[in-house]
Amino acid sequence: MSANLQLTEDGRLRHLLTLEGLPARILTQILDTAESFVSVGEREIKKVPLLRGKAVFNLFFENSTRTRTTFEIAAKRLSADVINLNIATSATNKGETLLDTVANLSAMQADMFVVRHASSGAPHLIARHVAPHISVVNAGDGRCAHPTQGLLDMYTIRHYKGGFHNLRVAIVGDVLHSRVARSQIHALSILGCPEIRVVAPKTLLPRDVESMGVHVHHKMETGVKDCDVIIMLRLQNERMQGALLPSAGEYYKFWGLTEDKLKLARPDAIVMHPGPMNRGVEIDSGVADGKHSVILPQVTFGIAVRMAVMSMVTGSNA
Amino acid sequence: MKIKISNGRVIDPASGLDAVRDIYIAAGRIVALGAAPADFHANAEVDASGLVVAPGLVDLSVRLREPGLEYMATLESEMHAAAVGGITSLACPPDTDPPLDEPGLVEMLKFRAKNSPGPRVYPIGALTWKLKGERLTEMAELSEAGCVAFSQADDPIVDTMVLLRAMEYAYTFGYPLWLRPQDFHLARSGVVHDGVVSARYGLPAIPVPAETVALQTILLLVRETKARVHLCRLSSRAGVEMVRKAKADGLPVTCDVGVHHVHLSELDTADFNANCHLVPPLRSQRDRDALRAALLDGTIDCICSDHAPVDADAKEKPFQESEAGATGVELLLPLTLKWGAEAGLSLAESLDRVTRKPADILGVDGGRIGAGKPADLCLFDPDAPWTVSTKSLASLGKNSPFLGMELQGRVRYTVIDGHLDYRAG
């Protein structure tokens with residue numbers, strides 16, 4: 001749906017709002033570009049001058065530490081000026097509308113907005129209203145999309161598995177409330193993953209989730225069986241209210257990833273988690289820290305992927 | 001004021017008349033069709049050659065946004081927009097600020113409407129105080145002040161005992177209740193249908209059982225109390241089937257659908273277009289097809305605009321934060337004609353759903369053309385194309401899912417109570 005909004009007329013990435021509808025070549029281009037940036041972080045001087053003189057505004061209408069920090073590091077490694085705005089505690093609380101906030105910040109010569117918002121579609125709305133030279137990068141909107149997280153997960157999978165065409169991937173946990181899961185599902189289908197499973201109790205799955213091209217499993221034992229990749233989702237504490245789940249204990253017993261359940265997957269399976277983890281709720285500590293876990297490399301790759309996205313959307317305005 | 005409307009193609013769905021006739025109007029009534037009455041000297045003559053002369057449209061849900069919501073639209077602006085849309089009678093729901101829960105508020109609204117050009121206004125009284133769903137309003141007093149029915153608009157009655165008492169009390173006086181079936185708990189803070197779009201975009205969802213569970217409760221209580229209930233804005237296939245069965249069982253229920261729901265589905269919300277944020281939510285294409293079929297077989301009696309003008313600021317927000325609703329009075333006629341044409345109906349059959357049938361539900365002497373009937377008429381060119389735009393809409397609410405689209409059927413004249421209320425420029 002947003003493909004046209006996200007791409008320039010000649011097919012380059014202008015905004016990154018969602019992975020849905022993006023062509024595979026763009027996703028691959030992002031992953032390839034990220035690969036060239038991974039080494040930047042290993043240098044003594046961790047900077048390249050690609051975004052020198054550009055002003056990147058981190059607009060976080062919802063609290064975040066990890067994502068905001070990695071976007072900030074990524075922008076700084078590209079030599080951009082970074083302005084962090086924690087709007088959850090400022091302008092909109094004074095009654096300013098979202099579009100007014102954006103218009104005001106645009107007037108401060110912004111070149112890029114990195115947006116996190118509690119409502120699905122907020123970055124799309126901003127992208128429709130910004131001046132042509134400004135790019136919008138979605139850092140997570142409602143339950144809709146978290147495209148850079150989805151991309152860094154694809155980077156991680158490609159890094160360890162070499163590709164997507166023969167993979168069986170299980171996404172386990174609260175898919176209903178997860179923007180991460182939605183972005184992963186879109187990315188995996190675009191990149192040609194033949195079998196995407198979602199594993200969760202019915203209360204944590206969207207009613208028509210199968211329309212996204214996934215296989216539904218309610219039991220962990222069948223869900224992770226013979227999988228190459230297991231992605232565990234974070235279970236938020238507030239989900240224990242509202243009759244979605246009876247208790248964290250019961251959740252862990254049936255859907256938590258333990259050593260035993262992991263044995264059902266392929267011997268060379270990797271275990272991923274977008275963080276922050278709840279040890280003992282969705283994942284056992286032994287698994288999180290074990291030899292199958294690639295959870296910390298995910299974070300490292302996240303910086304390179306965000307550098308790639310930021311340099312590409314800025315390049316499209318050149 | 002005496003008016004002669006000549007050479008028009010007169011269509012009266014009630015009698016089946018569809019022929020070129022002259023119409024003679026005096027003192028607010030149609031005095032003759034065809035030949036002029038003796039001594040008739042028209043003060044004005046309208047040449048309706050090439051136009052359809054239909055009964056004025058009767059719209060069962062038009063928000064005039066007064067009192068209290070004038071930042072969205074005003075009574076004058078929306079009365080005028082309704083006349084532009086060929087509407088000559090309208091019912092306004094009680095969801096104003098404050099709600100229509102006191103006789104004084106209703107009298108003021110009637111007074112304001114009477115002193116403004118435009119359609120006849122029939123207020124729907126609040127069923128409970130402040131629409132809170134707790135204490136019944138003074139229905140008899142409100143009825144004397146001019147309310148023709150009682151409703152919660154889109155506010156819930158959470159306590160089912162209150163709903164039972166409301167039906168019993170309304171039955172005592174013979175007042176109809178207009179209820180939109182939606183279970184409060186199942187709807188929660190949802191904004192779209194629980195379907196493919198909510199799965200894909202993670203928008204908070206309203207499942208179909210939000211409608212059917214509430215509908216089942218209402219139908220069981222109607223069976224119990226024999227209260228007359230008009231069901232507002234059906235949205236689902238399962239809901240339609242329940243109403244079909246209830247009618248077959250002889251329950252005293254009638255039913256309407258919003259005109260947007262006849263044409264759109266959840267897929268139209270897929271680009272976060274806040275103009276497609278409607279109440280109830282647009283559901284699946286199967287649901288929409290069931291609504292259309294139910295309209296055809298009479299399970300759904302009529303179409304209303306569910307007019308909800310919203311200011312631009314309230315729509316330029318992320319979908320789930322945007323104000324729900326669409327402007328509708330000017331789209332009711334063209335979208336009804338579009339449905340009728342697609343369903344293979346005659347003009348008379350299509351118009352029946354926006355004239356005679358809603359007039360009967362409202363219990364007013366309108367929606368018909370005949371000697372002695374009120375001179376409420378809509379003269380339109382059925383083939384005239386026009387593009388829906390912020391400029392072409394007279395309503396202050398520019399919030400239409402159809403912005404930028406071309407529709408057919410444009411009103412040229414609207415006659416209300418024997419006066420030429422609107423003439424296209």
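This is a predicted model: local features need pLDDT of at least 70, side-chain atom pairs count only at pLDDT 80 or more; totals for chains, interfaces and linings use all residues.
Chain A is assigned two domains, with domain 1 made up of residues 3-146 + 299-315 and domain 2 of residues 147-296. Chain B carries annotations from UniProt, among them one named "domain: Dihydroorotase catalytic", which comes from an unreviewed entry.

**The two domains of chain A**

- The centres of domain 1 of chain A and domain 2 of chain A, taken over C-alpha atoms, are separated by 25 Å, and the contact between these domains takes 27 residues from domain 1 and 24 residues from domain 2.
- On the side of domain 1 of chain A that touches domain 2 of chain A, the elements that give two or more residues are helix H2 (24-38), strand E4 (135-141) and helix H12 (295-315) of chain A.
- The largest share of that side of domain 1 comes from H12(A), which gives seven residues.

**A helix pair in chain A**

- Helix H6 (residues 147-161) of chain A packs with H12(A) at an angle of about 120°, and the axes of the two helices are 8 Å apart.
- Because angles from 65 to 115 degrees count as roughly perpendicular and only those over 145 as roughly antiparallel, this angle makes H6(A) oblique to H12(A).
- The crossing of H6(A) and H12(A) is right-handed.
- From H6(A), the residues that take part are Thr148(A), Leu151(A), Leu152(A), Asp153(A), Tyr155(A), Thr156(A) and His159(A), and they meet Pro297(A), Gln298(A), Phe301(A), Gly302(A), Val305(A), Arg306(A) and Val309(A) in H12(A).
- The residues of this contact of H6(A) with H12(A) comprise seven nonpolar, five polar and two charged.

**Where chain A meets chain B**

- The contact between the chains takes 22 residues from chain A and 20 residues from chain B.
- On the side of chain A that touches chain B, helix H4 (98-106), helix H5 (122-129) and helix H7 (179-190) of chain A each supply at least two residues, and the largest share, three residues, comes from H5(A).
- The residues on this side of chain A divide into nine nonpolar, eight polar and five charged.

**A helix pair in chain B**

- Helix H7 (residues 209-225) of chain B and helix H8 (residues 237-248) of chain B pack at an angle of about 15°, with 9 Å between their axes.
- Because angles under 35 degrees count as roughly parallel, H7(B) is described as roughly parallel to H8(B), and the crossing of these two helices is right-handed.
- Glu211(B), Thr212(B), Leu215(B), Gln216(B) and Leu219(B) in H7(B) meet Ala238(B), Gly239(B), Met242(B) and Ala246(B) in H8(B), and the residues of this contact divide into five nonpolar, three polar and one charged.

**Annotated stretches of chain B**

- The UniProt feature "domain: Dihydroorotase catalytic", from an unreviewed entry, is placed at residues 52-237 of chain B, where the chain is 38% helix and 18% strand and the end C-alpha atoms are 34 Å apart.
- A further UniProt annotation, "domain: Amidohydrolase", also from an unreviewed entry, covers residues 341-419 of chain B; this span is 19% helix and 29% strand, and its end C-alpha atoms lie 31 Å apart.

How values were computed:
Residues are numbered from 1 along each chain as its sequence is written. Chains are lettered from A and ligands numbered from 1 in the order in which they are written. Axes are lines fitted to C-alpha atoms, for helices over the stretch in contact, and angles run from 0 to 180 degrees between N-to-C directions. Helices (H or I, at least four residues) and strands (E, at least two) are DSSP runs, numbered from the N terminus. A crossing is left-handed if the near helix is turned anticlockwise from the far one by less than a right angle, and right-handed if clockwise. Two residues are in contact if their C-beta atoms, placed from the backbone, lie within 7 Å. Ala, Val, Leu, Ile, Met, Phe, Trp, Tyr, Cys and Pro count as nonpolar, Asp, Glu, Lys and Arg as charged, and the others, Gly among them, as polar. Domain bounds come from an automatic or database domain assignment. UniProt positions are given in the numbering used here, feature names are shortened, and annotations may be inferred rather than shown by experiment.
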